[in-house]
Amino acid sequence: METPLTKNIPTNGDGPLNFKAYGKAGGYESLHKALHMSPADITEVVKKSNLRGRGGAGFPTGTKWSFVPMGTDAPHPKYLVANADEMEPGTFKDRLLLEGDPHQLIEGMIVVGYAVQADIAYIFLRAEYKLAAERLRRAIAEAYENHHLGKNILGSTYSLEMYLHISAGRYMCGEETGLLNALEGKRANPRSKPPFPQVSGLWGKPTIVQNVETLCNLPHIVNNGPEWFKSLSHTADGGTKLYGASGKVKHPGIWELPMGTTIREILEEHAGGMRNGVKFRGLLPGGASTDFLTEEHLDVRMDFTEVQKAGSRMGTGTMIVLDDHTCPVGMLWNLEHFFAQESCGWCTPCWSGLNWAERILRAMEEGRGQPGDLDKLGFQTKFNAPGHTFCALAPGAMEPLQSALKYFHEDFEQHLHQHRCPWK
Amino acid sequence: MLTSAERQEIEAEFSRYPNKRAVCLDAMKVIQRHRGWVSDESLRDLAQELDMTPDELDAVATFYNLIFRKPVGRHVVLICDSVSCWIMGCEKLCQRLTSQMGIGLGETTEDGRFTVLPIVCLGTCDHAPAMMVDGDLYQDVEADKINDVLKNYK
């Protein structure tokens, strides 16, 4: 089984490969290759590979690039942004790539930069990732010293400047257009679309925003071709995927596996099953803003299409496991508290509705639930459904709630009837 | 008044962005490195430096979790309260921290040593519960061993 994304990441606690060692391991080969291809050819290869964005939404990467204006009339500077603002609760996959192999990300970014003819690239990193910041700074400096960044990269006509931007913390910064506002020194409210960032993004110029894991796939696709990339996967979505598990499993962690690995394999073989004394009740397959899946879904393959068929989303691919010693209503309260707090306050259903939902869940946990509360929560899942807000924060917040109301209905009822949390 | 060291550090950021405003978050972090927090006075001085109004700058300052508009202690403890850490018992950790220090979340100890703030997911969910002190990450934190961590921060 091939693991292109993590093959250079030391497992013994050593630091990442430096520029020289990365080159010896085959690093930056794709850049040499890409600079001899046309930008359109690279985009075509990526389209054929079926690479879908790893930030959670799964948008086809090559298609995203095809909206960027190209040619001599295209506005400049064009921007490329690596979204390294990993703040989705339960998600810790990009940290591994950022800390473990920073040159892989930089190589991927230069290749994408060339494919869309970007002039300036930013890595938008969350402030709490201190080690990643230190390692990225060093790697960027090394890339500049070796003419892999800056003017006329490797003697070609292509030039790219790359900067590390360290955020000041807010979940909304991970949202594509919120991130653009944050980079411009504004509140990270979302922007209305259209215009899409590919046409009018940072400072009104064409901008591509990609997740870290997506970018790290690029060198391997360019080196080995789309057919190889598709062959890594068990399903139609190409490549490998970083899957993770947290909660009361025996071995919480992160693993690079073929796209489309079943939930059961991830949970039982890699995470080692549940800890002694607790039983599995359900899981959020890819971060806080995905619908619960339960026992009946364990054989679902983790990819964008199959998880959606099961009524959820793969999201970031890092699962949060709920066990039978943990209160589902308490878990929901924790989740909705997060979303209500992180709402930027721009859209009414979000700032009003999420706070309302949080208060109801808190009241239930504290034994103050009212008979109509479940209907009110049900109303919120519709009030905050997709289409009522500028961005996906509120609809995302409703995904665990609507599915919990379905799968853990009895637990909610118990809280109401007993006027207390049965787990306390 | 910004000090010359602060001004120098802020101006060093200008080359990475097309305008001054884009530097405002970095600039507030520079102020925090030197003064611990962003007071009304430093906010006004900084706004002038960046061709922004104080209100514009304050709107940005108050949006971000890690810009402090109130004084903080010598050490800032960030304790993750997101879902994986919650499942793994961060509430107990939180209670231990705050009762031992005699403060609530968001408050500073009387001796000015610690401020404790809740923080969203620190992205280390396979080692929950997690916390950070002054940017140092602590994983798999046990409530009983919290003093072993805190004693390093005087």
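## Where domains 1 and 2 of chain A meet

In this predicted model, 11 residues of domain 1 of chain A are in contact with 16 residues of domain 2 of chain A; two residues are in contact if their C-beta atoms, placed from the backbone, lie within 7 Å. On the domain 1 side, the touching residues comprise three nonpolar, four polar and four charged ones. In this classification, Ala, Val, Leu, Ile, Met, Phe, Trp, Tyr, Cys and Pro are nonpolar, Asp, Glu, Lys and Arg are charged, and the others, Gly among them, are polar.

Chain A is assigned domain 1 (19–231), domain 2 (240–323) and domain 3 (328–418), with bounds that come from an automatic or database domain assignment. Between the C-alpha centres of domain 1 of chain A and domain 2 of chain A there are 27 Å. Local features in this predicted model need pLDDT of at least 70, side-chain atom pairs count only at pLDDT 80 or more, and totals for chains, interfaces and linings use all residues. Residues are numbered from 1 along each chain as its sequence is written, while chains are lettered from A and ligands numbered from 1 in the order in which they are written.

## Helix α3 of chain A

Let us look at helix α3 of chain A, residues 39–49. Helices (H or I, at least four residues) and strands (E, at least two) are DSSP runs, numbered from the N terminus. The buried residues of α3(A) are Ile42(A), Thr43(A), Val45(A), Val46(A) and Ser49(A). They line one face of the helix, because down the axis of α3(A) they fall within an arc of 160°, taken over the directions from the helix axis to the C-beta atoms. A residue is buried if 20 or more other C-beta atoms lie within 10 Å of its own, exposed if 12 or fewer, and partly exposed in between, with C-beta atoms placed from the backbone.

The cover over these buried residues includes α2 (29–34), α4 (61–65), α6 (102–116) and α9 (212–231) of chain A. Just after α3(A) comes Asn50(A), with a positive phi of about 60°.

Helix α5 of chain A (residues 93–100) packs against α9(A) at an angle of about 50°, and their axes are 9 Å apart. Axes are lines fitted to C-alpha atoms, for helices over the stretch in contact, and angles run from 0 to 180 degrees between N-to-C directions. The pair α5(A) and α9(A) is therefore oblique: angles under 35 degrees count as roughly parallel, over 145 as roughly antiparallel, 65 to 115 as roughly perpendicular and the rest as oblique.

From α5(A), the contact is made by Lys93(A), Asp94(A), Leu97(A) and Leu98(A), and from α9(A) by Val212(A), Glu213(A) and Cys216(A). By class, the residues of this contact are four nonpolar, no polar and three charged.

Chain B has seven helices and four strands, in the order α-α-α-α-β-α-α-β-β-β-α along the sequence. Its C-alpha atoms fill a box of roughly 50 × 35 × 25 Å along the principal axes, and 41% of the 154 residues in chain B are buried. The assignment for chain B gives domain 1 (4–61) and domain 2 (75–150), whose C-alpha centres are 29 Å apart.

Where the chains meet, 30 residues of chain B are in contact with 38 residues of chain A. On the chain B side, α2 (24–35), α4 (54–61) and α5 (83–87) each supply at least two residues, and α5(B) gives the most, with four residues. The chain B side divides into 20 nonpolar, six polar and four charged residues.

Most residues other than glycine have a negative phi, and most peptide bonds are trans. Tyr28(A), however, has a positive phi near 65° and sits in the loop between α1 (19–24) and α2 of chain A. Tyr28(A) is buried because 22 other C-beta atoms lie within 10 Å. Asp51(B) also has a positive phi, about 55°, and is found in the loop between α3 (40–49) and α4 of chain B. Asp51(B) counts as exposed, with 10 C-beta neighbours inside 10 Å.

Chain A has a cis peptide bond from His76(A) to Pro77(A), with omega near -5°, and Pro77(A) is in the loop between α4 and β1 (79–84) of chain A. The peptide bond from Lys193(A) to Pro194(A) is cis, with omega near -5°, and Pro194(A) is in the loop between α8 (176–183) and β4 (207–211) of chain A.
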